[in-house]
Amino acid sequence: MHRRARRRDANPSLDDLGSTLVEVLVALVIASGAVFVLIGGMSALFASALQNRQTTTSGVVARSYAEALEVAVAQSSAANGVAWCSTSYSVSSPVPPNGYTVAPGYGACPATGAATPQFQTVVITATAPNLTSEKLLIVVRRS
Amino acid sequence: MKLARMRAHGEEGIALELALIFLTATSVIVASLLGFADTSSQATVVFRSSRGSDYDVDAAMQADIATIRVTSGQGLVGSCASFTPAFTLNNPASPVRVDCTPSSAPAGQRHVVLSVCPTTIASPCPDISAVLRADITFYDDGSFGRALSILSWSNQ
């Protein structure tokens, strides 16, 4: 007969024995590892969500500025005619959310010759609080 | 069957089984969470790319309008070249081209329909492939390219 069975026969109360210390320790180690992995996964998820939210918000900030800049250029063009291009426009864009910044980088103004296409490239850079940035290139022209 | 086994062996080893079940469940949960994070990141990248392409299309159209406006001989019936932006696009992986379809116009005017198309589509850009289309009249009375009027501006 098997030794364990013999032992149970000798002492039936052994059937109710729970886990041994080794089992408990092994289970505890496995469960702890699982908890750590779970916490790590949730941290990664939260970090990713934060990053994506800030990236999306930066994009919105850049787009808002782009729309406002186009209006500003149209007004400048209407007011100044041929000398429409500038390296600084008076842009009335919505104030970015706290911690976000937006800055335009203006391309060179075209020569004022009659045969020179009158458009200018502008790269708008919106920076999030975590210092990631979104860049957006637009073209403005004389209206 | 499991119950029978448990009965046969009392509660020996149950802690280990529970731990392994917990570990498996945790693995599934973590895999799901990381799946969400990955999907969210991919959506952000796709959104950025799509937004970049939208602005590229608009930029190409604006640049071509400015170019045709001051280029003599362009925008007349039988003479209107396609335009490919020379500046760096937001989404260089999806380059675009602007095709021009001129039509007859009164003296002192030029009338064109501009269509922005992916460069992968052969010129002239078919209607179904045009991402952005604009109907434009240039006014050359007084001085060449004096003014322009955008009659329609339609996105796909």
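In what order do the four strands of the open sheet in chain B lie, and is their pairing parallel or antiparallel? The order is 1-2-3-4, and the pairing is antiparallel. The model is a predicted one.

- Strand 1 (96-103) and strand 4 (147-155) of chain B are the edge strands, each of which pairs on one side only.
- Strand 1 of chain B pairs with strand 2 (residues 109-118) of chain B over eight bridges, in the antiparallel sense.
- Within this pairing, B:Asp99 stands opposite B:Ser115 in strand 2 of chain B, and B:Pro102 has B:Val112 as its bridge partner in strand 2 of chain B.
- A hairpin is formed by strand 1 and strand 2 of chain B, with five residues between them. In the turn, B:Gly108 has a positive phi of about 80°.
- Strand 2 of chain B also pairs with strand 3 (residues 132-139) of chain B, in the antiparallel sense and over eight bridges. B:His111 has B:Thr137 in strand 3 of chain B as its bridge partner.
- Strand 3 and strand 4 of chain B run antiparallel and are joined by eight bridges. B:Ala134 stands opposite B:Trp153, a residue in strand 4 of chain B.

**The three-stranded sheet of chain A**

- Chain A holds an open sheet of three strands in the order 1-2-3, with antiparallel pairing.
- The edge strands of this sheet are strand 1 (101-106) and strand 3 (133-141) of chain A, and each pairs on one side only.
- Strand 2 (residues 119-127) of chain A runs antiparallel to strand 3 of chain A, and nine bridges join the two. A:Ala126 stands opposite A:Glu134 in strand 3 of chain A.

**Helix packing between the chains**

- Two packed helices are described by the angle between their axes and the distance between the axes.
- Helix 2 (residues 21-80) of chain A packs with helix 2 (residues 14-70) of chain B at an angle of about 10°, and their axes are 9 Å apart.
- Angles under 35 degrees count as roughly parallel, and helix 2 of chain A and helix 2 of chain B are therefore roughly parallel to each other.
- The crossing in which helix 2 of chain A passes helix 2 of chain B is left-handed.
- The contact of helix 2 of chain A with helix 2 of chain B has, by class, 25 nonpolar, 10 polar and three charged residues.

**Overall form of chain B**

- Two helices and four strands make up the secondary structure of chain B. The elements run α-α-β-β-β-β from the N terminus on.
- Chain B has a radius of gyration of 30 Å, well over the 15 Å given by the globule rule for 156 residues, so chain B is more spread out than a compact globule.
- The C-alpha trace of chain B spans about 105 × 25 × 25 Å along its principal axes.
- Of the 156 residues in chain B, 27% are buried.

Notes. Residues are numbered from 1 along each chain as its sequence is written. Chains are lettered from A and ligands numbered from 1 in the order in which they are written. This is a predicted model: local features need pLDDT of at least 70, side-chain atom pairs count only at pLDDT 80 or more; totals for chains, interfaces and linings use all residues. Two strands pair if DSSP finds at least two bridges between them. Axes are lines fitted to C-alpha atoms, for helices over the stretch in contact, and angles run from 0 to 180 degrees between N-to-C directions. Angles under 35 degrees count as roughly parallel, over 145 as roughly antiparallel, 65 to 115 as roughly perpendicular and the rest as oblique. A crossing is left-handed if the near helix is turned anticlockwise from the far one by less than a right angle, and right-handed if clockwise. Ala, Val, Leu, Ile, Met, Phe, Trp, Tyr, Cys and Pro count as nonpolar, Asp, Glu, Lys and Arg as charged, and the others, Gly among them, as polar. The radius of gyration is taken over C-alpha atoms; the globule rule is 2.2 Å times the number of residues to the power 0.38. A residue is buried if 20 or more other C-beta atoms lie within 10 Å of its own, exposed if 12 or fewer, and partly exposed in between; C-beta atoms are placed from the backbone.
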